[in-house]
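Please consult the sequence and the structure shown below while reading.

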Amino acid sequence: MISSHLTRRAVLAGGTAIVGLAAVKANAAPRRVVWWYEGATAAQQAALEQSLVKPFNASQSEYELVIEFRGSGLPDQLLVALSAGSGPDIILTNGPAWTQRMVIAKRLLPLNDLAKKFEWDKRIVPFMLGMGTYDGTMYALPKTTETQVLFYNDTLFKKNGWTPPTDRAAFEALADKMIKAGVQPLAAGNAGARYVNRHYVGASFSCCAGPDSVYNALSGKLPWNDPVFVESIQLLKNWWDKGYFGGPKYFALSGQQSFALMAIGKSGMAIQGSWAFQWVEESFKKTGQDLNWTPIPKLSARAPYPVFPLGIGADLAINAASQVPEGAAKVMNALLDHKFIIAMSEAWGGEWDCPLVSPPKPADNLDRTTALAVKLNYETTSALQNKTYGYAPWTFWPARTDDYMKGGMEEVWLGQITAKQFCDKVDEVFQQDLKDGLVKTLPARA
């Protein structure tokens with residue numbers, strides 16, 4: 001629940017009144033700022049406590065930050081609490097598509113004044129900051145910039161003399177070799193997280209249809225059932241039928257579990273997001289094998305290379321019913337501190353990469369995994385500057401269209417609908433979203 005601060009005014013007689021009021025103010029307990037967070041390991045929770053909670057609470061006496069770890073049920077818990085006019089002070093959403101729902105429901109606090117006070121527009125990349133702005137009003141800050149790449153087991157590749165693929169032909173040839181060798185080509189799974197399905201949709205759209213095609217479709221200039229998108233979905237269907245995703249095992253494994261299989265060499269590659277770095281401690285470091293990454297291969301002549309599908313992994317907003325909006329904003333501002341970002345990049349890689357105009361310089365002597373994560377973070381920033389970025393569905397698609405793709409892609413894989421029928425439905429839902437004014441206007445690519 002949102003915590004409120006109850007002050008008790010001392011009513012004293014005569015000349016002691018002012019002294020009494022001053023004493024009450026000096027001894028007043030700090031007001032709690034509550035933040036509901038999703039799941040985290042014990043080590044990750046400790047890192048957040050050490051690098052954020054303790055320093056923030058020690059830096060001032062007016063507010064006390066309290067983080068409650070709610071696990072995978074957080075999204076539903078938030079929706080229920082906000083609809084009842086309660087919930088935490090700081091709202092963590094699954095990115096702009098989720099934030100948009102809360103904006104429409106008027107559950108979030110406008111941040112324009114606070115943004116001006118803390119000069120967030122000068123500190124965060126405008127392109128990404130704009131994703132939290134609706135009809136000229138800012139409601140959210142991007143917590144984490146994400147991208148998708150092709151992770152692979154470097155130890156396994158070196159053992160077999162395999163080369164990381166850069167195009168579709170090389171990728172499919174390598175995947176076929178892996179199947180013959182008894183290695184599943186792609187570590188993949190959606191158990192407990194059906195939204196994973198559309199991760200592959202976004203990757204294929206960006207790297208097969210191409211970023212320009214996606215931009216034109218998101219701008220309403222190209223229908224989603226254009227042949228370039230149908231081809232992108234059919235490609236994923238072909239890979240499924242060839243066993244690249246592991247068949248029925250896909251539905252039994254979580255993303256983290258499938259990643260662990262790659263760490264022991266039972267699968268070779270993974271089209272995954274930068275968030276996967278937080279799993280390395282529990283997978284690759286245990287097996288003693290090495291992880292590496294390369295850009296997603298060029299999947300058609302229409303797409304350039306490299307392309308980094310860009311997304312916002314989570315948004316931070318303030319509950320419209322919060323009694324401590326200033327305190328919540330101060331916490332959000334603390335997340336932009338270079339010292340905090342560097343500390344968390346070492347302790348919890350892939351999860352605290354706010355898109356800053358001036359990102360912190362990486363520390364010296366980083367371990368191999370952290371260095372890989374930092375390199376990817378810099379490549380993501382470079383992709384924004386050089387326009388070599390693609391589009392992640394959970395950031396750039398409106399919520400209803402994004403929701404359809406989660407289940408629709410699964411229906412394609414299972415043969416319940418065709419790639420063309422999937423794209424027809426995507427276009428139908430999107431056109432309604434466009435008509436209803438739910439599609440954000442994107443910055444031009446050039």
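Does Lys-387 count as buried, exposed or partly exposed, and at what relative accessibility? At 39% relative accessibility, Lys-387 counts as partly exposed, where buried means under 20% relative accessible area, exposed over 50% and partly exposed in between (1.4 Å probe, protein chains only). The model is predicted, so local features need pLDDT of at least 70 and side-chain atom pairs count only at pLDDT 80 or more, while totals for chains, interfaces and linings use all residues. Residues are numbered from 1 along each chain as its sequence is written, and side-chain values use heavy atoms, with hydrogens and water left out.

**Backbone features**

- Lys-387 is found in the loop between α17 and β11; helices (H or I, at least four residues) and strands (E, at least two) are DSSP runs numbered from the N terminus.
- Although Lys-387 is not a glycine, it has a positive phi of about 60 degrees.
- Lys-106, in the loop between α4 and α5 (112–118), also is a residue other than glycine with a positive phi, near 60 degrees.
- Lys-106 counts as exposed, at 71% relative accessibility.
- Most residues other than glycine have a negative phi, and most peptide bonds are trans.
- The peptide bond from Tyr-305 to Pro-306 is cis, with omega near 0 degrees, and Pro-306 is found in the loop between β9 (291–294) and β10.

**Helix α2**

- The 18 residues of helix α2 (residues 42–59) should span 26 Å at 1.5 Å a residue, and the end C-alpha atoms are 25 Å apart, which agrees; the expected span is 1.5 Å times one less than the number of residues.
- α2 bends by about 40 degrees at Glu-49, the bend at a residue being the angle between axes fitted to the seven residues ending there and the seven starting there.
- Gln-44, Ala-47, Leu-48, Leu-52, Val-53 and Phe-56 are buried in α2.
- These buried residues of α2 pack against β1 (31–37), β2 (63–69), α15 (325–334) and α16, contact meaning heavy atoms within 4.5 Å.

**Helix α19**

- Helix α19 (residues 399–413) has 15 residues and reaches 22 Å from its first C-alpha to its last, close to the 21 Å expected.
- A bend of about 30 degrees occurs in α19 at Lys-406.
- Because 12 of its 15 residues are buried, α19 is largely enclosed by the rest of the structure.
- The buried residues of α19 include Tyr-404, Lys-406, Glu-410 and Trp-413.
- Packing partners of the buried residues of α19 are α4 (96–104), α10 (197–209), α12 (227–241), α18 (393–396) and α20 (419–435).
- Gly-415, with a positive phi near 75 degrees, follows α19.

- Helix α10 holds Phe-205, which counts as buried at 1% relative accessibility.
- Leaving out residues up to four places away in sequence, Phe-205 touches Gly-210, Val-214, Trp-224, Phe-229, Ser-232, Ile-233 and Trp-397.
- Phe-205 and Tyr-391 are 186 residues apart along the chain, and their C-alpha atoms are separated by 8.2 Å.
- Ser-206 is also found in helix α10 and is buried, with a relative accessible area of 0%.
- Beyond its neighbours within four places in sequence, Ser-206 has contacts that include Pro-211, Val-214, Ala-303 and Tyr-391.
- Helix α11 (residues 211–218) has 6 of its 8 residues buried, so it is largely enclosed by the rest of the structure.
- The buried residues of α11 pack against α10, α12, β11 (389–391), α18 and α20.

**Cavities and pocket**

- The count comes to 8 cavities of 30 Å³ or more; on a 1 Å grid over the protein atoms alone, a cavity is a set of points where a 1.4 Å probe fits but cannot get out, and a pocket is an open set with protein on both sides within 12 Å along at least five of seven lines.
- The largest cavity has a volume of about 160 Å³, a volume being the space filled by probe spheres set on the points, with grid points joined across faces, edges and corners.
- It is lined by 18 residues, of which Ile-341, Ser-345, Asp-353, Val-374 and Asn-377 lie nearest its centre; lining residues have an atom within 4 Å of a point.
- α16 (338–347) and α17 (368–386) each supply at least two residues of this lining.
- The largest pocket has a volume of about 1300 Å³.
- Among the 43 residues that line the largest pocket, Glu-38, Ser-72, Asn-94, Ala-193 and Tyr-195 are the closest to its centre.
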